[in-house]
Amino acid sequence: MANGIEEKPTVTVATATSPSDLAAVPQLIKELADGVSSLEPGCNEARQALAIKARTLMQALETPRETMIKHCWAQPAVYAAILCGNECGLWKLMAKNGDKPQKVKELACALGVDPVLLSRLLRHLGAMGYLLEVGEDEYKPTSFSLSLSLPIMNASPWAAPPSSTSMNTSAPGAGRTPRTPRTAPLMHAHKTDLNYFALAQSRGYLEDFNNHMGGYRQGRLPWMAPGFVPVQEVLIEGADRSSPDAVFMVDVGGCLGHDLLEFHRYHPAAPGKLVVQDLPQVVGSIAPSEENRALTAMPHNFFDEQPVQGARAYYMHSVLHDWPDERAEAIVKRVKAAMRPGYSKLLINENVIPRTDAYWEMSALDLVMLTQLSAQERTESDWYDLLERRCGLKIAKIWSGGRGVESLIECELK
Ligand SMILES: C[S@@+](CC[C@H](N)C(=O)[O-])C[C@H]1O[C@@H](n2cnc3c(N)ncnc32)[C@H](O)[C@@H]1O
C-alpha cells in the first residue's frame, strides 16, 4: 500500500505492451494530410496544431511501454548527447563541414575526442532522428543539428529540464507545492543554498543561460510587432517629449537588453531613453556596439527601490515567473512606487495559461519554474490575484498574441 492506494494492479501488462490506439491511426493520417495540404505559409498556429496531431498519431502507434522508455531513457540520452556535442564543439564543426556525409572518425580526430564515445552518442542521435545516418559511423546534419551551432540554441546544463532527482520523493515537502525560493527542488538536488541564478553564475553558466533566453524568444510574434499591441496608441502617444532625458521604457530584469533592442528596431522614433536594468554582472557584460548605443544599461537589484521615477513604461519579460507570489509582489511593489499616476504603465510579457487546452511549452515551463525556483507560469486568475489583489494595481488589458505566445499584461495605478 502506497499513499493509501491499494497496490494490486487494476490494469494488465497487455495494456502496456499493445499499441495505444491503432484504430485512431487512419483518421489521424487523413487529418494530417488534409491539414498540411491546406497550410497557409507563415500560419504558425495551424502548423503547431498539426504538430500536436502528429504527436497524437505517434502515441496512438506506440505502446505505453515504448512511450515510457522514450521519456525515461531516450529523450534524456538525447539531451546528454546534445550537451556533449556542445562542449566539444561538434555542432559548430558539423555546420562548418556543411550538408555532406561526415565520418565519426574524422570528426573525432578534428575535435580531439574519443571516437568510440562519439560513435555511441551519434548512434543514439541518429536513432532518434536528430542526425541522418547514411552509413556505418557516418551522418549528415539535419536542420536541428545545424541549428545547434547557434549560440542561442545553446543547450547547456543550465537549460536543464526538471530532473528526476529534483522532483524525487525525498525532497523536503515532497507532494506539496514548493512556495519559497529556499525550498526549490533544484537546491535540494544540488545540495546548495544558492538559488538558480547564483548557482548558474557560480558554475560559470551565466552566459549560456543568457543565450538560452535569447533562443527561447525566437520565431514568435513580439508584442511590439504590428498586429499585436498598438504601440503608437498605447505608449507613444502621450509620452513625455519635454526632455531627452525623460525615460520611455525601463526593462526590469532585462538581461542583455534584447527586448529593448527589438523595440527600438520596430519603433526607432519612440521618444526618450530605453533603460535596461539587471544584476551588475549581467548588464556589465553588455558589449559596447553600434546597436547597443540605443540602450542605457543600469545595474539594479529589483528588490531595491526603483531608481528611475515616472517612466512612461516599466516592462518585465519572464521575470515574475521566476518568483513565487510573495517575492513577485515585492518586485512589482518596487515598480508601483516609482509609477507616475495617470502616466506610467507596467507591462508584463508572460504566459497566461488558459483554463483548458494549455500549450505544451507553457505547461513544461511551469514545471521547470516549479523545480528550479519554486515559481510558476500563471493563469489569468493567478495574474489578477497577484497584480490587483496583492499589489493593488489595475489590469487595463491583457493583449493576447495567440495560442502558445506570451501575452502582454498592461497595468496602471488605480
Ligand atoms: C528569466 S530571465 C529574463 C530575462 C529577460 N527579461 C528576457 O526575457 O530575456 C530573468 C532575469 O532576471 C534577472 N535577475 C534575477 N534576479 C535579479 C535581481 N534580484 N535583480 C535584477 N535582476 C535579476 C536575471 O539576471 C535574468 O536576466
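Colleague: Where I look at V252, which residue in β5 stands opposite V252?

Modeller: V252 faces Q277 in β5. This is a predicted model, in which local features need pLDDT of at least 70 and side-chain atom pairs count only at pLDDT 80 or more, while totals for chains, interfaces and linings use all residues. Residues are numbered from 1 along each chain as its sequence is written, and side-chain values use heavy atoms, with hydrogens and water left out.

Colleague: In which sense do β4 and β5 pair, and over how many bridges?

Modeller: Strands of a sheet pair through backbone hydrogen bonds, either parallel or antiparallel. Here strand β4 (residues 247-252) and β5 pair in the parallel sense, over five bridges; strands are DSSP runs of E with at least two residues, helices are runs of H or I with at least four, both numbered from the N terminus, and pairing requires at least two DSSP bridges between two strands. Because five of the six residues of β5 (residues 273-278) are buried, that strand is largely enclosed by the rest of the structure. Buried means under 20% relative accessible area, exposed over 50%, and partly exposed in between (1.4 Å probe, protein chains only).

Colleague: What order do the strands of the open sheet have?

Modeller: The three strands run in the order β1-β3-β2, with antiparallel pairing. The edge strands, each pairing on one side only, are β1 (102-103) and β2 (132-135). Two bridges join β1 to strand β3 (residues 138-140), and the bridge partner of K103 in β3 is E138.

Colleague: Is S407 buried or exposed?

Modeller: S407 counts as buried because its relative accessibility is 5%. This residue lies in strand β12 (residues 407-413), and, leaving aside neighbours within four places in sequence, S407 is in contact (heavy atoms within 4.5 Å) with residues including F228, I348, W399 and S400.

Colleague: Which elements do the buried residues of α11 pack against?

Modeller: They pack against α10 (196-202), α13 (258-266) and α14 (280-283). The buried residues of helix α11 (residues 206-216) are L206, D208, F209, N210, N211, G214 and G215.

Colleague: And M153, where does that residue lie?

Modeller: M153 lies in the loop between α8 (143-147) and α9 (185-189), and M153 counts as partly exposed because its relative accessibility is 31%.

Colleague: How is the protein divided into domains?

Modeller: By an automatic or database domain assignment, the protein is divided into domain 1 (15-39 + 46-62), domain 2 (81-153) and domain 3 (221-355 + 362-413). The C-alpha centres of domain 1 and domain 3 lie 39 Å apart.
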